[in-house]
Structures are given as C-alpha cells and as structure tokens.
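Please walk me through this fold.

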Amino acid sequence: MRTSARPASRPRGTLRGSPLFRLRLGFLLIALVLSVFAARLVQLQGVDPKAYAEMAAVSGTEEVSLPAKRGDILDRNGEPFARSIEGLMVVADPMLTADQAPEIAKFLATRLDVDYFSILPRLREEGSRFEYLARRVPSTLATRVVEEAEQRGFEGLDTRRDPVRDYPANDVAANLVGFVGTDEALAGFERTFDTQLAGTDGSERYQVGGGNRIPLGERTVVEPHDGQDLRTTLDLDLQWYTQRVLRQTVEDAGAESGFAVVLDTETGEILSLADHPTFDARNPLVADKEDLGSRAMNDVYEPGSVEKVLTAAGLLDAGKVTPRTRIVVKPELRRDGRTIGDWFDHGVLRLTMAGVIAKSSNIGTVRAADEFERGQLRRYLTKFGLGRATDIGVRGESAGILPPESLWSRLVGDRVAFGQSLSVNAVQMAAAINTVANGGVRVDPSLISGSATTDDGTLVGTDHTTTRRVVSKKAAYQTAMMMERVTDPDEGTAPAAAVPGYRVAGKTGTAQRVGAECGCYDGTFTVSFAGFAPADDPRFTIYVVVQNPNNGGGGGSVAGPAFAKIMGYALRRYAVPPTGTKPSQLPLEW
C-alpha cells in the first residue's frame, strides 16, 4: 500500500520572530509615543499653558530696546548733511559669555571701538541674559566680528538693529549741523532739534528660561517711531564752495578766523552760513572746542564801516540828505574832547553823500548824522534788527549790543554812526544790509525750511518769517546806488569786489577789536565786505568777515575778493542773468 508524506506543521511559538510580529510591535510603540506627546501638548496648550511657562521661566523676563531711526538733516534740495544708515549693536548673553569673559573682552576691544575694562563686567553680569557691548556699529563690521567670534568658539554674542549716524558732507555745514554721541545729541541742529530728529525707541519684552527664549512665554512689543527729517534752507554745494573760499581767504591773510553769509534777498533764506576754522562732523573729538560752534552766530564784534549803509539809509528815509548832499570833510573832527579821523590821510575834501559812502569817510558820516533828531538813529538801527537775536535756531546765538538810550551820548552816537561802540553777529548784519537790497523791507532771516521747534520751545523756520518796512523804497534804491560806487574801479574802495558782467552794490568795513583780556581796543581789526547783486535787481546778499588779518589788508582787499568769488558762483549756479543796465554814476565830489 502506497503512502504519501504530509508536510510538517509550523510550531506556534515561532510567530514572535516573524517580520509581521515586528511590524505590529513597531506600530504599537509609535502609537504609544505619539499618545504621550499628544497628551503633553493638550496639557500645555489646553490645561494651563501660563502655569507651565512660568515654571520654565526660571531666569525671568528680559527687555531689549528697539532703537528708532533718527531723522535726516537735509539741505534745501534734499541732499543729506546728516543721515542714519543701517547699523547693529553687539550684545551678549552673560550666562554664555561669563566663562570666557576675559578672552571675549580682549577679542572685542581689538576689533570694535570698545574698552576692555568697560565690557568685561557686562560679560559676567550675574542674573542677566542681555547686555549691550557696542552701539551703532556698521552692519558689515558687526556681522563680521560676531561671525569671527563664533569661529573662535566664543558663544553668547549676537547683534540687534541699531542705526548709525553718518555725516556724508564731512565738514560742510558741520558748524551748524553738530553731531551726536553714543546715547545723546551733543551739538548743533542735532541737539537743538533732537526731539524731532530722535523719534521714540521701542522695546521688546519676553520670557527666558534654561538659557533660551521661551516660545510660549509672554511677549510684548512696542514698535519704535522713527524720527522726522529736518530740512534746512542751505544749499549744500554753495555751502561747500563758500567754505573753501573762506578757508583760502583766512589762510592767505594769516587771519584768526572768518565767516560768511549768503542770503536769498527776497525770502531771507540763508543759502550758506560758513565758518573757518570748522571741523569734520565724522570726527569732532579731534577738533578744538572753540571750533565746534558757529562763530558767525556766537561771536559779536563791531561791524565798522559796513554800518554806514544803515546810517545813510536812515538819513535818506528821514529826508535829511540826498545822494548829492554836499559835505565838507576836514582832515580831522574834534568832538567832546576826542578826535575823529579817517582811515586815510587827506586835506579838506568836498564830498557828496555818495562820496562819503564810496570813500568810507568817518568824518563825513558823522557830519551827516548830525542831521538826525535825538534818538532817531537808534530807532532806525532797532528796526534794522540790531540789538536783538535773530532766533533762527542756532544754539548760543548772541544778541549783540546796541547801546541803550540812557548811555547814548553825542560821542557814542558819533561812533555808532560809523560802526563802532555797538556789536553784532554776522546774520544780524547780513539781514540789515539785505533790507536795503529788498527795497527797504526787512525780512526775517531763516535757516529751517517749513517749521520746527527748538529744544526751548521756539518755533522757527520759513513758515514763521515776518516782514516790516524799515525805510522807503526810494531811500533803499538811493542807498544801493551809492553803494554801487564802492566797487567802481577808479573811485571806490573795493574794486576787487566787482563781479564781471554784473552790477554790484557793496560796502567795506574795518573796525578795531576789543581784546578779551584788557577790555580795550587791542590793536587788532575786523575787516569785512557786505553787498548784493545785481545792484538794480538784487538776487543775493552776501557778507564776508575776516578776524585779525596779518597781511595789512582791509575790507576791500581781504574780504572783497572772497565776496566776488562767492557772489559769482551763486549767480552762475542759479542762472541769474546780468540786468544789462548802466552802473550808477552818482557824483562823489562837488
């Protein structure tokens, strides 16, 4: 009988080692793990998330500043004198930097502008998770330094947004723009208009624990509000040119200092206000302290013969003289026991009023001013703006000195008539001369376009300028025609102030200076030239002042050529055509 073999049956115990068993076991384990995570997530998010966040926040809460971007300071065309560019702050987490604090401090001190001993304790600050190490660092530099630190094994350094203040114009208008320090505005417009420029910093507050920011902890952000721009009336290119001419003038004359003002005749807007010496706003700490402000606004001086223009305009307006009034000018004039002389030796001269201005005669001016009624000259000078600050927004402006009526003796009046025994700042005097150029109407000078508020609450700017008539249009025109004779190549005292192709009206000035130590005239002089062009249709008024030249020159030979260069540049830049009319031919003698 034939039999067939049956296959052996598989033992039941071998199922555990099968692939199917292992697959089922793996799924079971994954399901258990996922269920644990799910339960934990429900616990954290649904049951009491704040409680668990507070438990994790063993290191407390940190708050960091979010710096606002500072507004730009611009010229009239939107070109920047000062601007904020992208920058970063370098910060540390002391919990991570403490162990290597000396090494990190040494590393940073050699690469950033920070002091080793100042940042060392910050790197070790107990209980802190955030410390400032360096502020306002250029972005590329800060990023490179932090990356290098990480490569060296230094942990705990990071960067945050922190705009950097930059002065792309360097020394151009630095005397007005000023500069900022690490945490505050220190000088110039930066300080005067800090509230407008600075904006308001924001902040971020968050919880940290175990060396890290807690993702589910509380977080509060106050966004920063960036500062507003400040637009000036200055023309950056004209300011640059004026400063270069002024610097060359001061250096060639071996003088102490100088300043120059360029005004738009009709609007009173200051297109340039230059000082020399000045400083580079990108590196102010290397400059002498006295060079950090504006001498044109802060220093007062006796204007000298430029003031004769105001005396003459007042006399013409009051009907006391005409340009052809005949005046006998003797070699000297005795008044109240004092002798008044001229800057040049002469015999008896027979000058017209125009001749007195063209020749800049002190004696002739005093003789003409005798026609004023008591107090009349002082009232005119007050209306011209002398004796009070211009309030254009420059810190430390001096109001000048106009002697009070109680001290106005005949001798004081004589000296004031030809520009001594009173003091002015440069913008005051430029605005007074501009009154003549503007047809007898004084327009307030302005340095800020629109409106801005200074740190003492004063509203300044072109939106707040006022005008007032000081002398008649006829008197202003007659004065301008007399001033035009000053630049006559044959008869005037300042032919070097002429601008080829244009009619120029102007006046020289030379005045004794009062020494700070003796309180007396110390033998040094202020020389100047003020004028406008075209003489019969003025577009610009320019005033150049040089302190204590050592080359023996006067207003016509030192300040006159600088005036001509600046005026010529301004007329070309603004495409002002010559009027094509004949210059004044008023007689100077009789």
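In this predicted model, five strands form an open sheet, and their order is 15-14-26-25-24. The pairing is antiparallel. On average, neighbouring strands are turned by 10 degrees against each other, direction ignored.

Strand 15 pairs with strand 14 (residues 257–264) in the antiparallel sense, over six bridges.

Now follow the chain out of strand 15 (270–276). Pro277 lies in the loop between this strand and helix 11 (295–298). The peptide bond from His276 to Pro277 is cis, with omega near 0 degrees. Another cis bond joins Ala533 and Pro534, where omega is about -15 degrees. Pro534 sits in the loop between strand 25 (521–533) and strand 26 (540–547). Why point these bonds out? Most peptide bonds are trans.

Next, turn to helix 12 (residues 308–317). How much of this helix is buried? Nine of its 10 residues are, so helix 12 is largely enclosed by the rest of the structure. The cut-off for buried is under 20% relative accessible area. The buried residues are Lys308, Val309, Leu310, Thr311, Ala312, Ala313, Gly314, Leu315 and Leu316. Note that Lys308 is in this list. Just after the helix, Gly319 takes a positive phi of about 75 degrees.

Positive phi also turns up away from glycine. Most residues other than glycine have a negative phi. Ala173, which is not a glycine, has a positive phi of about 65 degrees. Look for Ala173 in the loop between strand 7 (164–166) and helix 7 (174–177). Is Ala173 buried or exposed? At 0% relative accessibility, Ala173 counts as buried.

Ser360 is not a glycine either, yet its phi is positive, at about 55 degrees. Ser360 is found in the loop between helix 13 (353–359) and helix 14 (362–369). Its relative accessibility is 4%, so Ser360 counts as buried.

Notes: Residues numbered from 1 in each chain as written. Predicted model: local features only at pLDDT ≥ 70, side-chain atom pairs only at ≥ 80, totals over all residues. Heavy atoms only, no water. Helix = DSSP H or I, 4+ residues; strand = E, 2+ residues; numbered from the N terminus. Buried < 20%, exposed > 50% of the residue type's maximum accessible area, 1.4 Å probe, protein only. Pairing = 2+ DSSP bridges. Axes fitted to C-alpha atoms, helices over the stretch in contact; angles between N-to-C directions.
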